[in-house]
Amino acid sequence: MIYGYIRVSTDKQTTENQHYEIEEFCRKNNIHINYWISETISSRKELRKRKLGRLINRIRKGDLIICSELSRLGRDLLQIMGILNHCMNIGANIWTIKDNYRLDAGIQGKILAFAFGLTAELERNLISQRTKEALAARRAAGKTLGRPLGTKSTRLKLTGKEDVIHDLLVHKISKSAIARRFHVDRGTLRLFIQNNRLDPMSE
């Protein structure tokens, strides 16, 4: 199955340019689009609330998504890498026109998969390192970390991370690994997922 994906951020923008670019590319390469997915939504919106999120959940091995450029897919590098990694793991392909990327079983796809995977890993490590350094600086300054003893948190530790957790679940990351990443126990994570309906299997 071949999908043409188009996204603009606001209703003041038009999808016509992206649609034309994809159509011209397909005409020159003798490709037929089976389904068009077009949405007017910010990339900052949770992936599971976007048409793209539903598409990513249902694509299969050999399917192809064609879009104008990688930035149409996600809000930041980490989210885009997650989408690409998921597609390549199941054998689906993503082609972009302006960037001229071919994420498929070919040598270019394998090289890009390695480069993207390395970049995503480096970004995760940098975030982790910056967090540790910030905590160390607060301790050195004599600031108390965490909430005072005997008080209850007014904000769940996982609140605000719904989109990230959902993306990790979509990409088949285990709940144990996600719990370790956010430094919570598995029961806390499971309850948070249930309360916020984040499990892609239940959608």
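This is a predicted model: local features need pLDDT of at least 70, side-chain atom pairs count only at pLDDT 80 or more; totals for chains, interfaces and linings use all residues.
View 1. Gln18 touches Ile6, Arg7, Val8, Ser68 and Arg72, leaving aside residues up to four places away in sequence. Gln18 belongs to helix H1, which covers residues 16–28. Its relative accessibility is 9%, and because buried means under 20%, Gln18 counts as buried.

**View 2. The open sheet of five strands.** The strand order is E2-E1-E3-E4-E5, and the pairing is mixed. Strand E2 (35–40) and strand E5 (102–103) stand at the edges; each has a single partner strand, so one side of each lacks a neighbour in the sheet. Helix H1 packs on this sheet and touches E1, E2, E3, strand E4 (93–96) and E5. The direction of H1 makes about 155° with that of E1.

**View 3. Pairing of E1 with E3.** Strand E1 (residues 2–8) and strand E3 (residues 64–67) run parallel and are joined by three bridges. Gly4 stands opposite Ile66 in E3.

**View 4. Helix H2 on the strands.** Helix H2, residues 51–58, lies across E1, E2 and E3. H2 runs at about 145° to E2.

**View 5. Packing of helices H5 and H7.** The axes of H5 (residues 162–170) and H7 (residues 186–195) are 11 Å apart and form an angle of about 100°. The two helices, H5 and H7, are therefore roughly perpendicular to each other. From H5, the contact is made by Glu162, Ile165 and Leu169; from H7, by Leu189, Phe192 and Ile193. By class, the contact of H5 with H7 has five nonpolar residues, one charged residue and no polar residues.

Notes:
Residues are numbered from 1 along each chain as its sequence is written. Side-chain values use heavy atoms; hydrogens and water are left out. Axes are lines fitted to C-alpha atoms, for helices over the stretch in contact, and angles run from 0 to 180 degrees between N-to-C directions. Helices (H or I, at least four residues) and strands (E, at least two) are DSSP runs, numbered from the N terminus. Angles under 35 degrees count as roughly parallel, over 145 as roughly antiparallel, 65 to 115 as roughly perpendicular and the rest as oblique. Contact means heavy atoms within 4.5 Å. Ala, Val, Leu, Ile, Met, Phe, Trp, Tyr, Cys and Pro count as nonpolar, Asp, Glu, Lys and Arg as charged, and the others, Gly among them, as polar. Buried means under 20% relative accessible area, exposed over 50%, partly exposed in between (1.4 Å probe, protein chains only). Two strands pair if DSSP finds at least two bridges between them.
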